[in-house]
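Please look over the points below with the coordinates open.

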Amino acid sequence: MRSKFKWIYVLLTAFIFQFSFAQEKTISGTITEAGLPLPGVTVLVKGTTRGTQSDFDGKYSIKANQGEILEFSYVGMKKQSLTVGASNTVNVAMEEDALSLDEVVVSSYATESKQKVVGAISVVKAGTIENRAFTSFDQILQGQAAGVTVASGSGQPGASSKVRIRGTSTFGGADPLYLLDGVPITSGDFAALNANDFESVSVLKDAAATSLYGSRSSNGVIVITSKKGKYNEKAQFTYRSQFGITEIGDPNFEMMNSEQLLNFQRLVNNGRGAGLTDAQIAELSQTNTNWSDVFFRTGVTKSHELSVRGGGEKVRYFTSLNYFDQEGVAERSDLKRFTLRTNMDLKATDKTTLGYNISLGYTKQNLIDSENAVALQNPYAAAYLGSPYDSVFNEDGTYNVGPGLIGPNAYENLLENKRNNDQVKIVGSIFGETKFAKYFTARVDFGVDFTNDFFTRGQDPNTFYGSTVGIGQAGLYQQTNLYRGRFNTTSRLVYNRTFNEKHDFELGAYMEYFKDHFRSGTFTGYGINPSLVGYPAGITPGSAENGLIPAVGGGVVNSGIFSYFGIAKYGYDDRFKVDLSIRRDASNRFAEANKWGTFWAVGANWNVINEKFMEGNKLFKDLKLRASYGASGNQEGIGDFQQYATWGTTQYGGAQGIVQTSSPNPNLQWEEGTKANIGLDFALFNNSRIVGTVEFYRNITNKLLIEQQLPAESGLPGRVLDVNAGSMSNTGIDFSIEAFLIKNKNTSFSLYGNFNYNKNNIEDLGQVTEFVQGTAIVREGLPFGSHFAVGWAGVNPANGQPLYYDLEGNVTNQFSQANSTANWGTYEPFYSGGFGHRFSYKGFDCSTLFTFAAQYDRYNNQTFFGENPNFAQYNQSTVMLTMWQNPGDITEVQSFEFNREFSSKDIEDASYVRLRNIEIGYTLSPKVIDQIKFIDGFRVYLQGQNMFTWTKFTGFDPEDDDNIAQYEYPTPRIFTFGVDVKF
């Protein structure tokens, strides 16, 4: 009996197997786009892990059952879904989709389809990030996203930029929060990251998009997502190589030659030319050194990169190795970078996924001295202040150094002394995610951002500066170690379910802990052995007899934030969606009574295009209305453990002692802000010929964190106390658009642009109405960054006397700081953005990016030194040749008999338009690649950065990260040739 059942079971199993086998068949076909074969298209059987890709001829083959659905997807194309019928051949014609590049948007702790996003999010994709010859990725963001203002602070390789999202909203730390694969990373610290490893950068701007990051999101959030492999994809290797040059741009000013300077010095009786005869001036003028030619060079940029990405049924992976080497436009100015990035996702079971992301970076930087400072050892100051009648070398070949020899002293310092920084940066994360009980997902992430900076400085005692600075005036060696480890762990439980195919629900509960560990140590030793410059072994041991006592210092700081938060989302029929979130943060920067802050947001969207009344319309292909409102907090820019007094060391009569350095501050609270946003996304005409977004926003920050000077009776004169006082607002418009003017089989041509208008206003300052902050004034009713200076009224033609404005606007010949006004603009631009074009014809492509900032003014501190007879011992601008000399002279340069004051004359319109990037490339066609056999793709390109700048500003560069031009490192032009090979 048992045997009989066994045979029945076998026959039944065979019958079922035979039936199933009969239903399964091989489906094949060709995938094309605009009539041409399209390789690399992913073909999946919906609801299964069975998949393949089209080959170089666009052909594919896959096993499927009749009635199953095949899904065809490719980046930049509309997804196609076809049901398997009786035929074994299924050909597919893919269509370009301008919207698909933004289909999936990385938002708070998750990804969402663009149609479901309720927040203000701008996305910069890999295509606009890759192959840029910038060493800090934040510079690549300039002009790429509406509402993001990026100002490069320096042309030094590896230097970061000032990034503001929808304006400055605080007096404290105003940088956005940066996350790399979910790990918070330090701002302004990107030189050890390779932007070619990034798949996308999402800029989160409003409350709905940022609120889940709570106290760290008040200045906006920039979410970086690295490249990953794809499941069921063969290994794809990519080799990239670049070679280029960097060179100095053309300054908007001209300096005097030797003859001009010596005659000018004789006229004003200041400098070497004072009292000289014509013959003596002619003799000295035989030496006419152009110091900008001496200090500046043509640097070389080169890079090599190899990456591999792919995956199988259960795993996907990506790994890249990169070497980048860029020389600056001055000697002793360069950066070498070595990076490794690797990530992997593993489907341990059908419901559980494990993964890791690791980035390892090492950089070596040679740095100049006193950058962005009016200091004579700053080579960019010396290049223009150095006297042209001084030679670089003596006749015996030694440096022509000595007191007053600005150019030679700075040049010797640049070449013979040392200033270096080595950095190790590790950004890594691991995660585990599992689905259970059908509708629940649990996930745990742990991430770390570790940075170690090793800074050294060496002064040779045989150099001019080495023999004139430091204790003992016999050189110095300085070493500083900075360690920073930032740890972040997030746990979440999410419920996600759809009812009746129309009602989408998501509920999530999260808990997060962030800890920052910082440690530093520094020492400076003196009396250096000339044979050991730049090494600690060269230090002479200090003693009471020689006085060469080393200076030491350092510090340890630990801080952290504990948070828990929740989300609730409801969507109806792909037409309406509402998102709610609330978060509680606790920080050790505040006293126990004030440590907790509560932040929340509500956002909604309406997909108008999906309404019945939009059926049949021929104008709109997409139309969505969004709105959000919420609250955020800020604790940046203040010290840790504010409730406690701090103590430090001091000297009492030559003996070491302890002194109080700050007062306890138990009343300090979170800075609070509210954000309101209304946005409209649209696409017009067939094939989405015009795609754009317009948004209106108003952000208000309350309980501003402001430093208040302590009175002398506090026992801490000169110290400051952080207080909560006042409010600030930012109101503006973001607008972005791309118009596809030509889009057919062989040719594509589009124009694009983005624009931001931001009006900042100081609404309230608490117990005061204004206070001076450096060269600016903070005053109720004015925007942040308003310049504060005495008004310049010109030169009296009768006597060459400088004229100024008093507080009533009357012209006076008396200079007084009491007449300072705020009528001279602000160093925060009202308008900013970028625009350009994208063009392709068959294998050729060309693109441009222009960036701009307008209604934007900066102090040009260089003119105070280069256009000032008080400093005639330095070289002067040729503008000084127009100085007033005789009654009736009409000029803006006063007589040398009157003192040159710092006034609104030194504030210049810094508005600019810059050709930031231009690229021309050629990609081999699939037909040619198929004939070559051993490669999958090949592209060559030429690229130029910072090609031209149109501006009225007469300093080095109108674009900078502060309000004063002080001989900062000039932004260079960069020309590169590159090759990308896939195999």
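The notes that follow concern a predicted model.

1. The largest nonpolar core has 26 residues. Those touching the most other members are Phe137, Ile185, Phe198, Val201, Ile222 and Ile224. At least two residues each come from strands E12 (148-152), E13 (161-165), E14, E15 (183-185), E16 (198-204) and E17 (221-226). With three residues, E16 gives the most to this core.

2. Ile222 deserves a separate look. Leaving aside residues up to four places away in sequence, Ile222 touches Phe137, Leu141, Val163, Ile165, Pro176, Leu177, Tyr178, Leu179, Val201 and Ser202. Another core, of 25 residues, lies apart from the largest one and includes Val329, Leu385, Ile406 and Phe865.

3. The second largest pocket has a volume of about 490 Å³. Its lining comprises 27 residues, and Leu177, Ser187, Arg486, Arg589 and Glu636 lie nearest the centre. By type, the lining divides into twelve polar, eight charged and seven nonpolar residues.

4. Which elements give two or more residues to that lining? They are strand E14 (177-180), strand E25 (476-499), strand E26 (503-526) and strand E27 (551-572). E27 gives the most, with three residues.

5. Two bridges join E44 (residues 802-805) to E45; in one of the pairings, Tyr805 has Val811 of E45 as its bridge partner.

Key:
Residues numbered from 1 in each chain as written. Predicted model: local features only at pLDDT ≥ 70, side-chain atom pairs only at ≥ 80, totals over all residues. Heavy atoms only, no water. Pairing = 2+ DSSP bridges. Helix = DSSP H or I, 4+ residues; strand = E, 2+ residues; numbered from the N terminus. 1 Å grid on protein atoms, 1.4 Å probe; cavity = no way out; pocket = protein on both sides within 12 Å on 5 of 7 lines; lining within 4 Å. Points joined across faces, edges and corners; volume = space filled by probe spheres on them. Nonpolar A, V, L, I, M, F, W, Y, C, P; charged D, E, K, R; others polar. Core = buried A, V, L, I, M, F, W, Y, C linked by side-chain atoms within 4.5 Å. Buried < 20%, exposed > 50% of the residue type's maximum accessible area, 1.4 Å probe, protein only. Contact = heavy atoms within 4.5 Å.
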